[in-house]
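I would like each label set against its cut-off.

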Amino acid sequence: MEFLNRFFKKDSQAERPEYPQQREKIAAKDILAARTLASEAHPDHNEDRAWMNQAQGWLAVLDGMGGTHGGEQAAEVALQTLKEAAAKDRSPTTYTAVEAQLQKMLQLANQEIVTLRQQPGFEQSGSTLTMARVYDDEKAKRKLLTMISVGDSRIYRFREGRLQQLSQDDDLVNSMFEQNEANLVHSRLNSITKPEDLSRLSLQEQEFYRRRNVITKHLGMDELQAQPKTLPVLPGDQIFIFSDGITDNLTDRDMAQIIQETGGGQRSVDVLLQYALNASRVGKEQNIRSKKDDMTAVTLTVAKAEAPTPVRSTVEQPTEKRQAVPLESAQVEQALRQELSQTSSMADLESKVSEFYQRGIAFKDYTALQVEQQLQEALHRYTTSGDIGYAAAVVTRTYGLREQVRRIFPETLTFAANRTR
């Protein structure tokens, strides 16, 4: 991996002790893997925690804060609270129930740390929490991912060579800008690797870069609110959760190339941590991102299997044969503009796509899953090119939508980016 040679020293330090690697399976198909390393600045303790649950499909990363022992204690208290809550929960595995479950678990963990902060020596304790569950929805009859996050531990999805951040950092940038503008600022900040790169940033962006580890939400706050999100997952998807020890030292492009070249799973986790460790050692003179910190990664790879058969629509099917009636690009473009103006992020749009799928719409010549995939491709085109007209054309030129579909879409695709009239 020549693109990461800048992260190596010729005389690298001896490897330090690491926490045990973990590898588990969900339903003997979906593979979980994790690894966590203590910072070389304090190798005797680790303020990160990783959680994987074999039976229920949980994965989480917590990054404690609050001094030598306060951060480690906070992360551990929160982790044990999550484990106990998951073990006691008997909710159905529907996305609405799982979203409620995540909110409840976050509040329970938060209250435990609020209590901890009342003890002498733990007044500044807190922790990030990024948590997800991958499960088969009882109603949708397909696999979904529901997640919730506070702080700056991040959840990503790697699909077909593209790494996409699904969570939003609770940081100064997101507290000051609308989501689309915040995403652009984050993109510029994430590209910085050399001291001279800072000159490309505005003075305000340079200040954001210097304060990029300041978070506006964390476990241990008296009032803490976070909204869960539900997304569809496809066979072969790789879900990653990282603490900032990895995302500070590596860019998204670095991580995507590592995952692409290592194939996912434990191998990707091991190599990601090794390169992040090397980056933390070279110093800011070579890599301005270089920072010694605890490093943690958890991943789940969705089993490659045939997609579930969509549930047939309850809408009465016409008896006569219908001819394909293509939608005009302008119609879809207008609908996309309207939906995007009401939605704060790509992740929110994909959450709506998952709800659309649950309506069980199935069409004669293509399935709801295919429509969903096409919508996601259109959204990807929009976020990478900024050309909403082109994104609309991706949909309209690929599928000639029957008249019946056109009647269903106004009701159904309120939950997607392609609402048509």
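Q: What should be kept in mind about the model and its numbering?
A: This is a predicted model, in which local features need pLDDT of at least 70 and side-chain atom pairs count only at pLDDT 80 or more, while totals for chains, interfaces and linings use all residues. Residues are numbered from 1 along each chain as its sequence is written, and side-chain values use heavy atoms, with hydrogens and water left out.

Q: Why is the aromatic pair of Trp 51 and Trp 58 called stacked?
A: Rings of Phe, Tyr and Trp (its six-membered ring) pair if their centres lie within 6.5 Å, and planes under 30 degrees apart count as stacked, over 60 as edge-to-face and the rest as tilted. The search of the whole structure finds four aromatic pairs; in that of Trp 51 and Trp 58 the centres are 5.7 Å apart and the planes 15 degrees, so the pair is stacked.

Q: What makes the pair of Phe 177 and Phe 208 edge-to-face?
A: Their ring centres are 5.9 Å apart and their planes stand at 75 degrees, so the pair is edge-to-face. Because Phe 177 lies in the loop between α3 (172-176) and α4 (179-190) and Phe 208 in helix α5 (residues 203-210), the pair ties together parts that are 31 residues apart in sequence; helices (H or I, at least four residues) and strands (E, at least two) are DSSP runs, numbered from the N terminus.

Q: Why does Arg 212 count as lying over the face of Tyr 209?
A: A charge sits over a ring if NZ of Lys or CZ of Arg is within 6 Å of the ring centre and within 35 degrees of the ring normal. Arg 212 lies over the face of Tyr 209 at 4.0 Å from the ring centre.

Q: How do you know that strands β8 and β9 pair?
A: Two strands pair if DSSP finds at least two bridges between them; four bridges join β8 (residues 154-159) to β9 (residues 162-165), so these antiparallel strands pair. Tyr 156 stands opposite Gln 165 in β9, and in the hairpin, which has two residues between the strands, Glu 160 takes a positive phi near 50 degrees.

Q: What makes the contact of Glu 207 with Arg 210 a salt bridge?
A: A salt bridge is a side-chain nitrogen of Lys or Arg within 4 Å of a carboxyl oxygen of Asp or Glu; here the closest N and O atoms are 3.2 Å apart, so the pair qualifies. Both residues lie in helix α5, three residues apart, about one turn of the helix.

Q: Why does Lys 291 form a salt bridge with Asp 248, and which parts does the pair tie together?
A: The closest N and O atoms are 2.4 Å apart, so the pair counts as a salt bridge. Lys 291 lies in the loop between α8 and β12 (295-301) and Asp 248 in the loop between α6 and α7, so the pair ties together parts that are 43 residues apart in sequence. Lys 291 and Asp 248 are both buried. Lys 291 also meets Asp 293 in a salt bridge of 3.2 Å, N to O, and a network of salt bridges links Asp 244, Asp 248, Lys 291 and Asp 293.

Methods: Buried < 20%, exposed > 50% of the residue type's maximum accessible area, 1.4 Å probe, protein only.
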